[in-house]
Amino acid sequence: MSTRAPDAAQSHWDEPALAGFDKPLRAAARVLSRPAGTALFRTGERPAWMFYVRRGEAQMLRVTPAGAPVLLQRASRGFLAEASLTSGRYHCDAVCRSDCELLAFPLPALREAINNDNGTRWAWIELLSAQTRQQRARIERLTLRTIRERLLHLLLTEGADRGYELPGTRMELAAELGVTPEAMYRALAAMQADGTLSVRGARLHWRG
């Protein structure tokens with residue numbers, strides 16, 4: 001696994017999610033750059049690293065028996081596959097959707113820091129709490145009956161100033177909402193026509 005010069009990592013510790021990590025754990029981290037399309041891990045592999053996505057976006061995916069990809073997690077300025085801390089195998093694939101800048105923590109070092117350092121332990125607990133809130137919002141969104149309701153829920157829970165910047169393509173947005181791209185395009189067109197939404201490039205803005 002390639003690394004940058006050791007002092008390059010120093011600028012990464014201004015991340016709020018990492019502020020509580022102790023010095024030995026920081027020293028064990030590797031700073032990586034990976035281009036879009038790079039696989040960070042594959043289903044069945046043994047976990048060895050915990051990845052923090054500092055720039056860009058990585059996605060965790062699983063393929064159904066019918067061959068359709070299911071988006072399980074998007075990570076941007078956050079950790080990917082936190083459950084791998086206690087898992088013997090990966091149960092999905094992880095891929096860099098865009099060019100990514102990552103911090104890779106060796107799992108033994110992370111486990112040791114969580115066991116022995118209060119700052120690291122509480123930083124990890126806060127991280128998992130935030131991830132739980134995000135997953136609950138996503139589950140709530142997927143229970144809504146219409147695409148219109150799911151889009152508005154997304155804007156309200158993940159947007160800012162009544163707007164939402166698409167992190168990827170509209171096809172990926174459809175996967176995030178659990179609908180077909182064609183159905184989502186129709187919903188977006190209808191919401192623009194009735195004045196509920198405006199769409200400018202990658203930005204959705206709620207006008208309701």
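Buried means under 20% relative accessible area, exposed means over 50%, and partly exposed lies in between (1.4 Å probe, protein chains only). Histidine 153 is buried, at a relative accessible area of 12%. The model is predicted, with local features needing pLDDT of at least 70 and side-chain atom pairs counting only at pLDDT 80 or more, while totals for chains, interfaces and linings use all residues. Residues are numbered from 1 along each chain as its sequence is written, and side-chain values use heavy atoms, with hydrogens and water left out.

Histidine 153 belongs to helix 4; helices (H or I, at least four residues) and strands (E, at least two) are DSSP runs, numbered from the N terminus. Contact means heavy atoms within 4.5 Å. Apart from neighbours within four places in sequence, histidine 153 is in contact with Ala137, Glu140, Arg141 and Leu144.

Glycine 20 sits in the segment before helix 1. Glycine 20 counts as partly exposed, at 28% relative accessibility. With neighbours within four places in sequence left aside, glycine 20 has contacts to Asp117, Gly119, Thr120 and Ala123. Between glycine 20 and alanine 75 there are 55 residues in sequence and 20 Å in space, C-alpha to C-alpha.

**Helix packing**

Two packed helices are described by the angle between their axes and the distance between the axes. Axes are lines fitted to C-alpha atoms, for helices over the stretch in contact, and angles run from 0 to 180 degrees between N-to-C directions. The axes of helix 2 (residues 107-116) and helix 3 (residues 118-143) come within 6 Å and cross at roughly 105°. Helix 2 is therefore roughly perpendicular to helix 3. Angles of 65 to 115 degrees count as roughly perpendicular, under 35 as roughly parallel, over 145 as roughly antiparallel and the rest as oblique. On the side of helix 2 the contact is made by Leu110, Ala113, Ile114, Asn115 and Asn116, and on the side of helix 3 by Asn118, Thr120, Arg121 and Trp124. These residues of the contact of helix 2 with helix 3 divide into four nonpolar, four polar and one charged. Ala, Val, Leu, Ile, Met, Phe, Trp, Tyr, Cys and Pro count as nonpolar, Asp, Glu, Lys and Arg as charged, and the others, Gly among them, as polar.

Helix 5 (residues 170-177) and helix 6 (residues 181-193) pack with their axes 9 Å apart, at an angle of about 100°. That makes helix 5 roughly perpendicular to helix 6. Arg170, Met171, Leu173, Ala174 and Leu177 of helix 5 meet Pro181, Met184, Tyr185 and Leu188 of helix 6. By class, this contact of helix 5 with helix 6 has eight nonpolar, no polar and one charged residues.

**Aromatic pairs**

The structure holds six aromatic pairs. Rings of Phe, Tyr and Trp (its six-membered ring) pair if their centres lie within 6.5 Å; planes under 30 degrees apart count as stacked, over 60 as edge-to-face and the rest as tilted. Two of the pairs are tabulated here.

| Pair | Centre to centre | Angle of planes | Type |
|---|---|---|---|
| Phenylalanine 21 and phenylalanine 105 | 5.5 Å | 80° | edge-to-face |
| Phenylalanine 41 and tyrosine 90 | 3.6 Å | 5° | stacked |

Phenylalanine 21 lies in the segment before helix 1 (23-28) and phenylalanine 105 in strand 8 (residues 100-106), so the pair links distant parts of the chain, 84 residues apart. Phenylalanine 21 and phenylalanine 105 are both buried. Phe21, Tyr52, Phe79, Phe105 and Trp124 form one aromatic cluster.

Phenylalanine 41 is in strand 2 (residues 39-41) and tyrosine 90 in the loop between strand 6 (78-80) and strand 7, so the pair ties together parts that are 49 residues apart in sequence. Phenylalanine 41 and tyrosine 90 are both buried.

**Aspartate 93**

Aspartate 93 is part of strand 7 (residues 93-96). Its side chain reaches the backbone nitrogen of threonine 43 at 2.8 Å. Not counting residues up to four places away in sequence, aspartate 93 touches Phe41, Arg42, Thr43, Gln59, Met60 and Leu61.

**Two arginines with positive phi**

Most residues other than glycine have a negative phi. Arginine 77, in the loop between strand 5 (69-75) and strand 6, has a positive phi of about 55°. Arginine 77 counts as exposed, at 52% relative accessibility. Arginine 162, in the loop between helix 4 (147-158) and strand 9 (163-165), has a positive phi near 65°. Arginine 162 is partly exposed, with a relative accessible area of 38%.

Note on methods. A polar contact is a pair of N or O atoms within 3.5 Å; within protein, one must be able to donate a hydrogen and the other to accept it, and residues adjacent in sequence count only if both atoms are side-chain atoms.
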